[in-house]
Amino acid sequence: MSALQRFTQVDAFTERAFAGNPAAVCVLPAARSETWMQQVAREMNLAETAFLVPSPGGYDLRWFTPAVEVDLCGHATLASAHVLWEDGHLQPGQVATFFTRSGELRATQQGGLIWLDFPSTPEREAGGSAEMQTTLGIGIRYMGRTAFDYLVEVESAAALRAITPDLGALARLPVRGVIVTALSDSPEHDFLSRFFAPAAGVPEDPVTGSAHCGLGPFWAARLGKTDLTGYQASPRGGTVRVRVDGDRVHLGGHAVTVLRGELLH
């Protein structure tokens, strides 16, 4: 096909450009092949590229890294909702409904934030902590596994920031990625995290909404509260508000459009 296809690049979970996690968003008039979407995602070379197709009652939504299609992505969903409202596909205040591999997801505008309604993915304790310590190069306090990832708690915020993992070893693990977390050393945030997913083509993700579907229940149980604020301590950094509500987790954040373009192929 030679028809022009617009795309928008959005920085998600941030109030300023060139921070948070960038995602490309393509609102398609009709479905395209998986091969084309994967090629576009590889061309964009961002953590995720989102593809939306209008569907009765909402939008079919799929997410691709440069290497694979993924089952759940927070920042690219937040970016998609932002584009739908900003470009007039949806009216201000209208709920954005998405049909995805992880079921029906919704986004709303509340209090100046975009809020995502996502499934909770609580962790269960997992073995292999000794091997994980070697892979991360740091001592760990706890290791669990969510529906998608390993979740590892380390001893301090300073230790979390200092991690330089063995990405080759991480890529061989039987999970999407590894969430590393610690109690925050700042009163502005309850907890910190980092996320590594080299097997999915993302060595370190700047801000990972879907990881907070596991981080929310984890820290809610430890801190005794269901409204939390997390900071993902990547070089770009980003803040994720979290509300734990039974088997759902609500993720809140800002988004900023930084680039618009057209695909020629």
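## A walk through the predicted fold

Helix α6 is followed by G224, whose phi is positive, near 70°. Helices here are DSSP runs of H or I with at least four residues, strands are E runs with at least two, and both are numbered from the N terminus. This is a predicted model, so to speak: local features need pLDDT of at least 70, side-chain atom pairs count only at pLDDT 80 or more, and totals for chains, interfaces and linings use all residues. Residues are numbered from 1 along each chain as its sequence is written, and side-chain values use heavy atoms, with hydrogens and water left out.

Back to α6, which covers residues 212–223 and is mostly covered: 9 of its 12 residues are buried. Buried means under 20% relative accessible area, exposed means over 50%, and partly exposed lies in between (1.4 Å probe, protein chains only). Among the buried residues of α6 are H212, C213, F218 and W219.

Is E131 buried or exposed? E131 is exposed, because its relative accessible area is 54%. From E131 to A169 is 38 residues in sequence and 9.7 Å in space, C-alpha to C-alpha.

Now for the inside. A nonpolar core is a set of buried Ala, Val, Leu, Ile, Met, Phe, Trp, Tyr and Cys residues joined through side-chain atoms within 4.5 Å. The largest one holds 53 residues, and L52, W63 and F98 touch the most other members. Helix α2 (residues 74–86) gives this core its largest share, 7 residues. There is also a second, separate core of 20 residues, including M132, I138, V178 and F196. In soluble globular proteins, nonpolar side chains tend to be buried together.

Here are some whole-protein values.

| Property | Value |
|---|---|
| Helices and strands in the protein | 6 helices and 18 strands |
| Span of the C-alpha trace along its principal axes | about 55 × 40 × 30 Å |
| Share of the 265 residues that count as buried | 57% |
| Accessible surface (Shrake-Rupley method, 1.4 Å probe) | about 11300 Å² |

Of that accessible surface, 49% belongs to carbon and sulfur atoms. A compact globule of 265 residues would have a radius of gyration near 18 Å, and the protein agrees, with 18 Å. That radius is taken over C-alpha atoms, and the globule rule is 2.2 Å times the number of residues to the power 0.38. As for contacts (heavy atoms within 4.5 Å), residues 24 or more positions apart account for 62% of those with a separation of 6 or more.
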